[in-house]
Amino acid sequence: MATELPPLREVIREFDLRAKKSFGQNFLLDLNLTRKIARVAGDLSNSVVYEVGPGPGGLTRGLLDEGAKRVVAVEMDSRCLPALEQISKAYNDRLTVHQGDALDVDEPEILQQKEGETLRIASNLPYNVGTMLLIKWLTLDRWKPWFASLTLMFQREVAERIVAKPGSKAYGRLSVLAQWRGKVRIAVNVPAAAFTPAPKVASAVIHFEPIDPIDPTVRLKDLELVVERAFGQRRKMLRASLKSLPVNATELLDRANIVETSRAEDISVEDFVRLARIYREMQA
Ligand code: SAM
């Protein structure tokens, strides 16, 4: 642990890092909490961790203290760079920071994986782009992907949508996509008061590990289309909501063994995967 580093409150004062809404900045200042989040990511000793938005470096310090071999971070706000430079020095250059927008980053290129290293993603994501980043990582063409896990802070309502099961209001596109491609759970609930400034809503950390595809013949674009149409009119029966697909909806549901009067929120991830496969077959 780099004890020579000042507490985060002092870092924020010294480098004048007043939180800006436009950057989605709500900082974690409790290093016990950031270490707890870092531990959710797993055994970090051989891991290179990609962190989006280190800000003043609370989670970054947690990851390094918990033994991450290296942390590679992308931060949009240039005001944070001197504070992060201080962390890098205190931890023998195990931290590398790039300035930019994480939505545009080619992660494997900046991570420079060496033999024997496991790549992971851990971030307290900015609220304004968190879901977009998750979708970027969940919709990679190559699966399994380059990362072994995602440990991500979201607003609690978004975290609940990611882990939601059929039959609940939160179940939707994000749940199907995440649970098709991995095992996911809520690992830590974090109250709004843990952040500076405190946001209006509570947050939660999710942990995701990629799994092999439920059915490798299913294409992402077919699954996304079927799910989008089904949840686009979630109160309607599937025979109506899937009518806009260029195949016969009743036949599609029949061949997939799904009762045509079901609604999107009633059917499982496996059912959606089957629908996507049969949709593809019917188009061939
Ligand atoms: N990790 C820090 C913590 O836990 O205290 C800060 C988290 S704060 C919720 C989000 C961080 O992401 C901010 O530092 C913000 O400047 C940065 N950020 C916002 N949009 C970004 C983007 N598109 N790419 C990279 N960083 C971004």
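# Briefing: sheet, aromatic pairs and helix packing

Trp143 has a relative accessibility of 15% and so counts as buried. Here buried means under 20% relative accessible area, exposed means over 50%, and partly exposed lies in between, with a 1.4 Å probe and protein chains only. The model is predicted: local features need pLDDT of at least 70, side-chain atom pairs count only at pLDDT 80 or more, and totals for chains, interfaces and linings use all residues. Residues are numbered from 1 along each chain as its sequence is written, and side-chain values use heavy atoms, with hydrogens and water left out. Helices (H or I, at least four residues) and strands (E, at least two) are DSSP runs, numbered from the N terminus.

**Sheet**

- Seven strands form an open sheet in the order β4-β3-β2-β5-β6-β9-β7, and the pairing is mixed. Two strands pair if DSSP finds at least two bridges between them.
- β4 and β7 (182-190) are the edge strands; each has a single partner strand, so one side of each lacks a neighbour in the sheet.
- From one strand to the next, the twist averages 20 degrees. Axes are lines fitted to C-alpha atoms, for helices over the stretch in contact, and angles run from 0 to 180 degrees between N-to-C directions.
- Strand β3 (residues 70-75) runs parallel to strand β4 (residues 95-99), and five bridges join them. Glu75 has Gln99 of β4 as its bridge partner.

- A right-handed β-α-β unit is made by β3, helix α4 (residues 81-90) and β4. Right-handed means that, with the strands pointing away from the viewer, the path from the first strand over the helix to the second runs clockwise.
- α4 lies across both β3 and β4 and runs at about 160 degrees to β4.

**Aromatic pairs**

- Rings of Phe, Tyr and Trp (its six-membered ring) pair if their centres lie within 6.5 Å; planes under 30 degrees apart count as stacked, over 60 as edge-to-face and the rest as tilted. By this rule there are six aromatic pairs.
- Tyr50 and Trp137 make an edge-to-face pair, 6.4 Å centre to centre, with 85 degrees between the planes.
- Tyr50 sits in strand β2 (residues 47-52) and Trp137 in helix α6 (residues 130-138), so this pair ties together parts 87 residues apart in sequence.
- Tyr50 is buried at 0% relative accessible area. Trp137 is also buried, at 0% relative accessibility.
- Trp143 and Phe147 have ring centres 6.1 Å apart and planes at 85 degrees, so they form an edge-to-face pair. Phe147 is buried, at 2% relative accessible area.
- One aromatic cluster holds Trp143, Trp146, Phe147 and Phe208.

**Helix packing and burial**

- Helix α9 (residues 220-232) packs on helix α12 (residues 269-283) at about 115 degrees, and the axes are 8 Å apart.
- The crossing of α9 and α12 is right-handed. A crossing is left-handed if the near helix is turned anticlockwise from the far one by less than a right angle, and right-handed if clockwise.
- On the α9 side, the contact residues are Asp222, Leu223, Leu225, Val226, Val227, Ala230 and Phe231. α12 supplies Phe272, Val273, Leu275, Ala276, Tyr279 and Arg280. Contact means heavy atoms within 4.5 Å.
- Helix α3 (residues 58-65) has eight of its eight residues buried, so it is largely enclosed by the rest of the structure. Among them are Gly58, Arg61 and Asp65.

**Loops and backbone**

- Arg234 lies in the loop between α9 and α10 (238-241). Arg234 counts as partly exposed, at 25% relative accessibility.
- Leaving out residues up to four places away in sequence, Arg234 touches Ser168, Lys169, Tyr171, Gly172, Arg263, Ala264 and Glu265.
- Trp143 and Lys144 are joined by a cis peptide bond, with omega about 10 degrees. Lys144 is in the loop between α6 and β6 (149-155).
- Thr196 and Pro197 are joined by a cis peptide bond, with omega about -10 degrees. Pro197 is in the loop between β8 (195-196) and β9 (203-210).
- Asp16, a residue other than glycine, has a positive phi near 55 degrees. Asp16 lies in the loop between α1 (8-14) and β1 (27-28) and is partly exposed at 40% relative accessibility.
- Asn257, a residue other than glycine, has a positive phi near 65 degrees. Asn257 lies in the loop between α11 (249-255) and α12 and is exposed, at 69% relative accessible area.
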